[in-house]
Amino acid sequence: QVQLVESGGGLVQPGGSLRLSCAASGFSLDRYAIGWFRQAPGKEREEVSCINHKDSSTSYKDSVKGRFTISRDNAKNTVYLQISSLKPEDTAIYYCAAAERNSFRFFPPKLVQYDYWGQGTQVTVSS
C-alpha cells in the first residue's frame, strides 16, 4: 500500500521550531521529488519547499527562505522539513507530496504533477 505519513506538527510559540517528517511506505522515495505544502483556513494550498530526487537540489517559497530547511534520508525513506523562527502566519496544515521522476521535466514539479499526498500535520504558532 502506497502511503505518505506526516508527523511532527504541534503547537509552538512564535520564534519556536519544529521538525516535520514525511515517511513513505509502499514505494521508494529516492525516485521522487518531494514537496512540502501548507494550507491555512480559508486559503489555497501553497508549496513551501521541494527537494529533487537526483541531486537533492531544493526550492523554497520566498517567505520561508532562511527559516525552513528541507532534507531527505533515502535510507529511512523519509523527508524532513525543519521549520524555525516560526510566525503566527505559518499556522497551517502541512502536507507532503511525491512526484515520480518521470512525472515532471522541470524542477520543482507543478501541483498537478504530484502523484501521492499525505494526510497532513497541523502546525499552530501561537503564544
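Serine 71 pairs up with tyrosine 80 in strand S8 as its bridge partner, in a predicted model. The protein has 11 strands and 0 helices, both being DSSP runs numbered from the N terminus (helices are H or I with at least four residues, strands are E with at least two). Residue numbers start from 1 along each chain as its sequence is written, and side-chain values use heavy atoms, leaving out hydrogens and water. Local features need pLDDT of at least 70 and side-chain atom pairs count only at pLDDT 80 or more, while totals for chains, interfaces and linings use all residues.

**Around strand S8**
- S7 and S8 (residues 78-83) run antiparallel, with 6 bridges joining them; two strands count as paired if DSSP finds at least two bridges between them.
- Arginine 72 also has a bridge partner in S8, namely valine 79.
- The two strands S7 and S8 make a hairpin with 4 residues between them, and asparagine 77 in the turn has a positive phi of about 55°.
- Strand S3 (residues 18-25) is joined to S8 by 6 bridges too, again antiparallel, and leucine 20 stands opposite leucine 81 in S8.
- S8 is mostly covered, with 5 of its 6 residues buried (buried is under 20% relative accessible area, exposed over 50%, partly exposed in between, with a 1.4 Å probe and protein chains only).

**The sheet**
- These strands belong to an open sheet of 4 strands in the order S1-S3-S8-S7, with antiparallel pairing.
- Its edges are strand S1 (3-7) and strand S7 (68-73), each of which pairs on one side only.
- From one strand to the next, the twist averages 15°.

**Overall build**
- Follow the sequence and you get β-β-β-β-β-β-β-β-β-β-β.
- The radius of gyration is 14 Å, close to the 14 Å that the globule rule gives for 127 residues, so the protein is as compact as a globular protein of that length (the radius is taken over C-alpha atoms, and the rule is 2.2 Å times the number of residues to the power 0.38).
- The C-alpha trace spans about 45 × 25 × 25 Å along its principal axes.
- Of the 127 residues, 43% count as buried.

**Charge at the pocket**
- The lining of the largest pocket divides into 8 charged, 3 polar and 3 nonpolar residues (Asp, Glu, Lys and Arg are charged; Ala, Val, Leu, Ile, Met, Phe, Trp, Tyr, Cys and Pro are nonpolar; the others, Gly among them, are polar).

Conventions: Axes fitted to C-alpha atoms, helices over the stretch in contact; angles between N-to-C directions.
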